[in-house]
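Here is a short briefing to read with the model open beside you.

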Amino acid sequence: MSAGDRDLVEALLAGDETAFASLVDGWSGSMLRLARSHVPSESVAEEVVQETWLAVLRGLPSFRAESSLRTWVYQILLNQAKTRGVRERRTVPFASLVSDDEDSPSVDPTRFQGPGDPHPGGWRAFPEEWPEHSLLSREVLDVVRRAVAALPERQRVVVSLRDLDGQSAEEVATLLDISPGNQRVLLHRGRSTVRAHLERYLTDSSELEVAR
């Protein structure tokens with residue numbers, strides 16, 4: 001267990017309500033997205049997240065730190081979501097969902113840096129006309145959020161866990177019970193689609209600015 005996890009667990013065991021509230025605020029969004037991939041509705045997913053936090057509080061004294069605190073919490077979430085999914089008659093596991101890899105729009109892979117480049121997976125070059133200030137604008141963030149929300153389910157969950165929640169490739173593969181290779185494919189497809197949306201938005205914005 002990391003020092004950060006150790007301090008957090010000690011605070012939670014001591015009844016630190018602020019620490020618990022911070023944890024709930026920080027993790028519940030991604031937990032909801034993950035639960036939603038196993039149950040039929042948003043409201044059921046919200047119930048699963050609530051049940052998970054109750055289970056965390058009950059089980060915290062027996063936490064043995066064989067994994068990170070986050071992985072332990074998410075594993076409880078998955079167990080709750082799968083059980084609830086069976087009860088709600090949604091029994092298809094994440095790894096067995098219809099493949100969304102083949103037909104999804106993507107960006108030409110030659111536009112990304114390869115394994116031997118300084119930043120594998122990153123863009124080789126951004127169009128010169130992209131306004132740098134736009135990268136920080138609220139509109140751009142909204143474009144990214146909408147693009148992620150519109151992704152096929154498996155891509156959306158993987159991109160959200162990796163890029164929005166900062167989880168590692170190993171954590172995501174373990175949590176979703178998929179192979180590392182499948183995780184990479186889903187992440188690449190999802191990122192490519194989001195980047196394509198962002199590129200179109202920024203290019204259109206630049207052309208509109210020039211026209212003015």
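A residue counts as buried when its relative accessible area is under 20%. Tyr-74 has a relative accessibility of 1%, so Tyr-74 is buried. Please keep in mind that this is a predicted model.

**The chain as a whole**

- Read from the N terminus, the elements follow the order α-α-α-α-α-α-α-α.
- The chain has 212 residues, and 42% of them are buried.
- Taking contacts between residues at least 6 apart in sequence, 69% connect residues at least 24 apart.
- The chain has an accessible surface of about 12,200 Å², and carbon and sulfur atoms account for 52% of that surface.

**Helix H2**

- Helix H2 covers residues 17-36, which is 20 residues. From its first C-alpha to its last, H2 reaches 27 Å, close to the expected 28 Å.
- Where does H2 kink? The kink is centred on Trp-27 and amounts to about 45°.
- At the start of H2, the backbone nitrogen of Thr-18 has a side-chain oxygen of Asp-16 within 3.0 Å.
- The buried residues of H2 include Ala-19, Leu-23, Val-24, Trp-27 and Met-31. Ser-28 and Ser-30 are buried in H2 as well.
- Cover for the buried residues of H2 comes from elements including helix H1 (3-13), helix H3 (42-59) and helix H4 (69-87). Helix H6 (153-164) and helix H7 (169-176) also belong to that cover.

**The aromatic cluster**

- The structure has four aromatic pairs.
- In one of them, the ring centres of Trp-27 and Trp-53 are 6.5 Å apart with their planes at 25°, so this pair is stacked. This pair joins distant parts of the chain, with Trp-27 in helix H2 and Trp-53 in helix H3, 26 residues apart.
- Both Trp-27 and Trp-53 are buried.
- Is the pair of Trp-27 and Tyr-74 stacked or edge-to-face? Their ring centres lie 6.3 Å apart and their planes are at 65°, so the pair is edge-to-face. Here the link runs from Trp-27 in helix H2 to Tyr-74 in helix H4, 47 residues apart.
- Why does Trp-27 count as buried? Its relative accessibility is 17%, and the cut-off for buried is under 20%.
- Through ring pairs, Phe-20, Trp-27, Trp-53 and Tyr-74 are linked into a cluster.

**Helix H3**

- H3 has 18 residues, which should span 26 Å at 1.5 Å a residue; the end C-alpha atoms of H3 are 25 Å apart, so the two values agree.
- Which helices do the buried residues of H3 pack against? They pack against H2 and H4.
- Among the buried residues of H3 are Val-44, Val-48, Val-49, Thr-52, Trp-53 and Val-56. Ala-45, Ala-55 and Gly-59 are buried in H3 too.

**Arg-70 in helix H4**

- Arg-70 is a residue of helix H4. With a relative accessible area of 19%, Arg-70 is buried.
- Leaving aside residues up to four places away in sequence, Arg-70 touches Trp-27, Asp-165, Gly-166, Gln-167 and Glu-171.

**Asp-177 and helix H8**

- Asp-177 sits in the loop between H7 and H8. Although Asp-177 is not a glycine, it has a positive phi of about 60°.
- Is Asp-177 buried or exposed? Its relative accessible area is 57%, so Asp-177 is exposed.
- Thr-193 belongs to helix H8 (residues 180-211), and at 10% relative accessibility Thr-193 counts as buried.
- A polar atom of the Thr-193 side chain is 3.0 Å from the backbone oxygen of Arg-189.

**Gly-4 in helix H1**

- Gly-4 is found in helix H1. Gly-4 counts as partly exposed, with a relative accessibility of 48%.
- How many residues separate Gly-4 and Ser-68 along the chain? They are 64 residues apart, and 10.0 Å separates their C-alpha atoms.

Methods: Residues numbered from 1 in each chain as written. Predicted model: local features only at pLDDT ≥ 70, side-chain atom pairs only at ≥ 80, totals over all residues. Heavy atoms only, no water. Helix = DSSP H or I, 4+ residues; strand = E, 2+ residues; numbered from the N terminus. Buried < 20%, exposed > 50% of the residue type's maximum accessible area, 1.4 Å probe, protein only. Polar contact = N/O pair within 3.5 Å; in protein donor to acceptor, adjacent residues only side chain to side chain. Expected span 1.5 Å × (residues − 1). Bend = angle between axes of the 7 residues up to and from the residue. Contact = heavy atoms within 4.5 Å. Areas by Shrake-Rupley, 256 points an atom, 1.4 Å probe, with all protein chains shown as cover. Phe/Tyr/Trp six-rings, centres within 6.5 Å; stacked < 30°, edge-to-face > 60°.
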